[in-house]
Amino acid sequence: MTTAAATAPAGTRPSTRPAAPAGTDRSAREVYRDTIAGLLPAEDRLVVLDSDTGLFSGVDFRGGRERYLNLGIAEHTLMGAAAGLAREGRIPVVNTMAAFAASRALEAVKLDIALGGLPVLIAATHSGVSAGHLGPTHHALEDLASMRVLPRMTVVVPGDAAQTAELLRQALASGGPVYFRLGRGATPALPAGAGPVRLGEAQILRRGTDITLAACGPYPVLAALEAAELLAADGVSANVLHLHTVKPLDTPALLEALGDQRTVITVEEHWAAGGFGSAVAEELSARRPVQVHRIAMPDAFVPVAGGQRLLLERAGVSARSVAESARRALGTSQGGTR
Amino acid sequence: MSSPPLLRGTPPPAPSTADRPVGPSEGVSRGAEDLSEVTTRIREHIVTMCASPEGGHLGGSMSLVEILAVLYFRVLRHDPGFPGLPERDVLLLSKGHGGIGLFATLCEAGYFPASELDGYARPGSHFTAHPHPGIPGVEMPSGSLGHGLAVGTGHALAHRLERSDRRCFVVMGDGELQEGSVWEAASVASAQRLGRLTAIVDRNGLQISGATEAVGALEPLADRWRAFGWRVLEADGHDTGALTEALSLAPDPHRPTVLIAHTVKGKGVAPIEGQARSHYARLGRRQQLALLKALRADAEARR
């Protein structure tokens, strides 16, 4: 926890800071913080429960000050207390790291929050390998699996900072439990032109006829887009879908994009077992005779230092791997890549 | 940020006035009537549920009877006809294996008719051995130990934000205190100075495999709670007068309160009193009738 405090922007007043210019890398975590700081004074039902992360250090909540509660390093208690507050009509935002929200406090999330269908937003930062050099204790590559199996839970992974603000507002208004998966550092903005972002609805970033690339998370979406370019150079036309909502999954959009295609490549920042690709495979297997190939983190911990992008690329979550997987799949399932 | 209200639903209730719409709370005169008829009937329900095909958690429900009776009949502000009453005090049974004790008490308090208890543990019934909010009057699911105090902390935080004089009571087992999450929540509640939060420990001294002190020692228990910053009260957990007095004390505004209620596991069922094996029982028809007869005889003798 001290590591998080050390990296937090102490002394800043983020809610009044000017927005970064378009096209600049921005941190979804900071945008989430700024959005919450802006909403808290006017939204009486909101209560922020913090776990000594330091993310909100120096933030002036103005009239909402008493509804920001740093309860200390106690993730189970945060989840339980959030449930109690929600049962009293509040909408708690639990601020912690993905690793602690999704594993350490999982039973409290399951029994205290999900079982009651309570409106608690779990803001899980440092997800995937975004904690980078902080090491395997701070990586969360299991969280989509543990959260998406819980009945009533909505699972959201914003694709970039701009989407974070929009999806956060929609998630808070959803009336039920939400796992809101965020990274740590700045990530690139997704290209414009995908249209408005709506909770539960896939974004179609590119239309293609041969294969569908379905991605979840900032770098996976960028990898899918770049892979589509690589494939286009080979004469392969690829759909690129961004599924920021893992649960409920927008299966109709996937089926519509697929048409009579036979191959889906999924891309995610999560262990291959049980994550986004597994969710896609589960949904499609009973509906279409398709192959689902998962580009995801291999079945191993990551006990080495490195930035988020580097760790992903070293593990094979990259545009090159996606394009290779697509070529292989088309080669075997359709007899050649044209 | 000047956005329109984002979040649907009703806002939290306005700060409560000191009105006490229903039920007693501290400072209010309490029914002087004896609770022994109520506690006898609660025990009869427990015995009958333990004689159902699935059996039930007998010992730890029997030890709870006076605690729950005093809460629902003497202390809590509540309305059986309106379980969601906004002004109600909140009771969380964190030791979920006392579920049949809670169901029996809720039934006697008027939350549902006794006929509903006939469905206990039968296929399709909402009455599972461990409580959940599908049952009228039950505030939270419990059964996995070590959850209630954190949830109670959340209720107490909400009550404080509302400037309300509502109280929250969390009933725990003593074996339950072996769960680390209890002490995590104890620290948070103390640091937050949640004076209107009261924990009650059903200190019957036994858990499934034997004495708590042999399995996972808890003593010195009162000192432990004091060290965590709590006000500590102790009482005979089967003395309704002593329990009423302890639970009616004005809250300490600066710290939460724990009442260590010294109880006997299996209380009221002489052959199993004070024995760990009373934890779960499937009673035969003959045992059931004998126990009901003994409970009734005890009640008559006390008159």
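Two residues are said to be in contact if their C-beta atoms, placed from the backbone, lie within 7 Å. By this rule, among the contacts in chain B between residues at least 6 apart in sequence, 78% join residues at least 24 apart. In chain A, 75% of the contacts between residues at least 6 apart in sequence join residues at least 24 apart.

The structure is a predicted model, in which local features need a pLDDT of at least 70 and side-chain atom pairs count only at pLDDT 80 or more, while totals for chains, interfaces and linings use all residues. Residues are numbered from 1 along each chain as its sequence is written, and chains are lettered from A and ligands numbered from 1 in the order in which they are written.

The confidence of the predictor may be considered next. The pLDDT expresses this confidence for each residue, from 0 to 100. Chain A averages a pLDDT of 92, and 91% of its residues score at least 70; chain B averages 91, with 89% of its residues at 70 or above. Over residues 9–32 of chain B, however, the pLDDT is below 50. In chain A the pLDDT stays under 50 over residues 1–20 and over residues 332–338. For the complex, the predictor gives an ipTM of 0.90 and a pTM of 0.91.

Chain A contains 12 helices and 14 strands. Here helices (H or I, at least four residues) and strands (E, at least two) are DSSP runs, numbered from the N terminus. The C-alpha trace of chain A spans about 65 × 40 × 40 Å along its principal axes. The radius of gyration is taken over C-alpha atoms, and the globule rule is 2.2 Å times the number of residues to the power 0.38. Because a compact globule with 338 residues would have a radius of gyration near 20 Å, the 20 Å of chain A agrees with the rule. A residue counts as buried if 20 or more other C-beta atoms lie within 10 Å of its own, as exposed if 12 or fewer do, and as partly exposed in between, with C-beta atoms placed from the backbone. Buried residues make up 56% of the 338 residues in chain A.

Chain A is divided into domain 1 (2–187) and domain 2 (203–333), with bounds that come from an automatic or database domain assignment. The C-alpha centres of these domains lie 26 Å apart, and 26 residues of domain 1 are in contact with 28 residues of domain 2. On the side of domain 1 that touches domain 2, α6 (143–148), β6 (154–156) and α7 (161–172) of chain A each supply at least two residues.

What lies inside the structure? A nonpolar core is a set of buried Ala, Val, Leu, Ile, Met, Phe, Trp, Tyr and Cys residues joined through C-beta atoms within 7 Å. The largest such core has 188 residues, and those with the most contacts inside it are Ala82(A), Ile122(A), Phe180(A), Leu213(A), Ala224(A) and Val322(A). This core draws at least three residues from each of domain 1 and domain 2 of chain A. Leaving aside neighbours within four places in sequence, Val322(A) is in contact with residues including Leu213(A), Ala224(A) and Ile295(A). In soluble globular proteins, nonpolar side chains tend to be buried together.

Chain B has 10 helices and seven strands, and buried residues make up 51% of its 303 residues. Between the chains, 29 residues of chain B are in contact with 35 residues of chain A. Both α5 (148–161) and α6 (180–191) of chain B supply at least two residues to the side that touches chain A, and α5(B) gives the most, with nine residues. Ser144(B), in the loop between α4 (99–109) and α5 of chain B, touches Glu107(A) and Leu111(A), not counting residues up to four places away in sequence. Ser144(B) is partly exposed because 16 other C-beta atoms lie within 10 Å.

Some details of the backbone remain. Most residues other than glycine have a negative phi, and most peptide bonds are trans. The peptide bond from Lys247(A) to Pro248(A) is cis, with omega near -5°, and Pro248(A) is placed in the loop between β12 (245–247) and α9 (251–258) of chain A. The bond from Glu219(B) to Pro220(B) is also cis, with omega near 0°. Asp52(A), which is not a glycine, has a positive phi of about 60°, and Arg193(B), another residue other than glycine, has a positive phi near 55°.

Technical notes: pLDDT = per-residue confidence, 0-100.
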